[in-house]
Amino acid sequence: MAIFSKGGPKDKEDEVLDLPEAPAAPEDQSATNAAPQHKPSIISEGFSFVGEVNATGSLSVEGRLSGTINLSALNISATGSVDGIVNSAVINVKGKLSGTISCGDLIVGGRATVSGKITYKKLTIQKGGVIMGEIKQLSAN
Amino acid sequence: MSDTVVQSGCLFVGEGVTVKGNFSVPNIATVAGVLEGDISAHQVNISETGFIKGSVKADVVHVLGELHDSLVANKSLFIRSTGAVIGDVKYVEIEIEKNGVLQGQIEKINRSDTEQTPPMEPLTNTPGEA
C-alpha cells in the first residue's frame with residue numbers, strides 16, 4: 001500500500017489525499033516519552049516467550065511466558081501461564097503463575113493457580129482460586 | 001454473621017476470655033477471646049478480637065481475627081479483610097478478602113472424608129431472565 005517516507009513530509013501530504021485513513025501518527029517511542037501513558041504489551045494465545053522482560057508498563061499474558069520478569073503490572077488471562085522470577089507491583093492472575101513471585105497487590109481469580117515462593121503486600125483470592133507454596137507478607141506500608 | 005441460635009455442640013469464647021487446652025467441638029466454635037491449644041470442630045469462627053494459637057482442624061473456617069501455627073480446613077477457608085492466618089495451612093477451598101493476610105507454608109488438599117465434592121463449575125443455567 002502506501003509508502004510513507006519519513007524524510008519527506010511534503011510527499012505525505014499528497015498521499016493523505018489518497019488515503020481516507022489518518023496519516024501515520026507519530027508512534028515513535030521518543031514521541032510518547034512526554035506522556036507516560038503506556039499501552040499494555042500482549043503475549044497472545046499460542047505465543048510462547050522465554051527470556052527476560054523489563055518494563056515499566058503492563059503486560060498481558062494470554063500465551064506462555066517464562067524467565068525473569070520485572071514489570072509494574074502483570075495480567076495473566078485464563079489461557080495464560082507465567083513461570084519464573086516475577087517482580088511486579090500488581091499481578092492479576094486468572095491463569096497460572098509459578099516461581100518466585102514478589103509483588104505489591106496480588107489478585108488471584110477464581111480459576112487461577114499460583115504456586116511457589118510468594119511475597120506480597122496485599123493479597124486477594126477469589127473463591128476457587130488456588131495458592132500453594134511458601135507465602136510471606138511484606139508490611140503493606 | 002452466623003446464627004448462634006444453635007447452642008448444642010457449640011463453643012463460645014468471649015472477648016477477654018483466655019482458654020487453654022484441647023477442644024473437640026461437634027458444631028460451631030466461635031472465638032472472640034484467646035484460645036491456646038488444639039481445636040477440632042465442624043466450623044470455627046474467629047471474630048475480629050479473636051486469637052487462636054495452636055492447631056485447628058475444621059470443615060469451615062472464618063477468620064476475622066488471628067490464627068497462628070497450623071490449620072486444616074477440610075472444606076472452606078475464608079479470610080476476611082481483618083483476618084490473618086500465619087503458619088502451615090491446608091485447605092480445600094480458599095477465599096481471601098483484600099488486606100487479609102496469609103503467611104506460611106500453604107497447601108491445597110483434596111477433600112478427604114466427605115466425598116460430596118460438587119463440580120467446580122457452578123450451574124448457572126437459571127432460565128429466569130426472560
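Is S60(A) buried or exposed? Let's start there, everyone. S60(A) is buried, at a relative accessible area of 18%, where buried means under 20%, exposed over 50% and partly exposed in between, with a 1.4 Å probe and protein chains only. This residue sits in strand β3 of chain A, residues 58-61. Strands here are DSSP runs of E with at least two residues, helices are runs of H or I with at least four, and both are numbered from the N terminus. Leaving aside residues up to four places away in sequence, S60(A) touches P40(A), S41(A), I42(A), I43(A) and N75(A), a contact being heavy atoms within 4.5 Å.

A word on the ground rules. The model is predicted, so to speak of a local feature takes pLDDT of at least 70 and side-chain atom pairs count only at pLDDT 80 or more, while totals for chains, interfaces and linings use all residues. Residues are numbered from 1 along each chain as its sequence is written, chains are lettered from A and ligands numbered from 1 in the order in which they are written, and side-chain values use heavy atoms, with hydrogens and water left out.

Now to chain B. It has eight strands and zero helices. Of its 130 residues, 41% are buried. Take the contacts in chain B with a separation of 6 or more: 6% of them join residues 24 or more positions apart.

Next, the core. The largest nonpolar core holds 55 residues; by that I mean buried Ala, Val, Leu, Ile, Met, Phe, Trp, Tyr and Cys residues joined through side-chain atoms within 4.5 Å. Those with the most contacts inside this core are L106(A), I131(A), L77(B) and L102(B). Strand β8 of chain B, residues 84-108, gives the largest share, nine residues. Have a look at L102(B): not counting residues up to four places away in sequence, its partners include Y120(A), L123(A), I131(A) and I135(A), along with I79(B), V85(B) and I96(B).

How many residues of chain B are in contact with chain A? There are 20, and they meet 19 residues of chain A. Together the two chains bury about 1600 Å², 48% of it on carbon and sulfur atoms; buried area is the accessible area (1.4 Å probe) lost on putting two parts together, summed over both. I96(B), K98(B) and I106(B) supply 25% of the area that chain B buries against chain A, more than any other three residues.

K98(B) also forms a salt bridge with D105(A), with the closest N and O atoms 3.4 Å apart. The count between the two chains is two salt bridges, each a side-chain nitrogen of Lys or Arg within 4 Å of a carboxyl oxygen of Asp or Glu. On the side of chain B that touches chain A, the largest share, 17 residues, comes from β8(B).

Finally, some backbone angles. Most residues other than glycine have a negative phi. D69(B) has a positive phi of about 95 degrees although it is not a glycine. D69(B) belongs to strand β7 of chain B, residues 66-79, and is partly exposed at 40% relative accessibility. N99(B), in strand β8 of chain B, also isn't a glycine, and its phi is positive, near 80 degrees. N99(B) counts as partly exposed because its relative accessibility is 39%.
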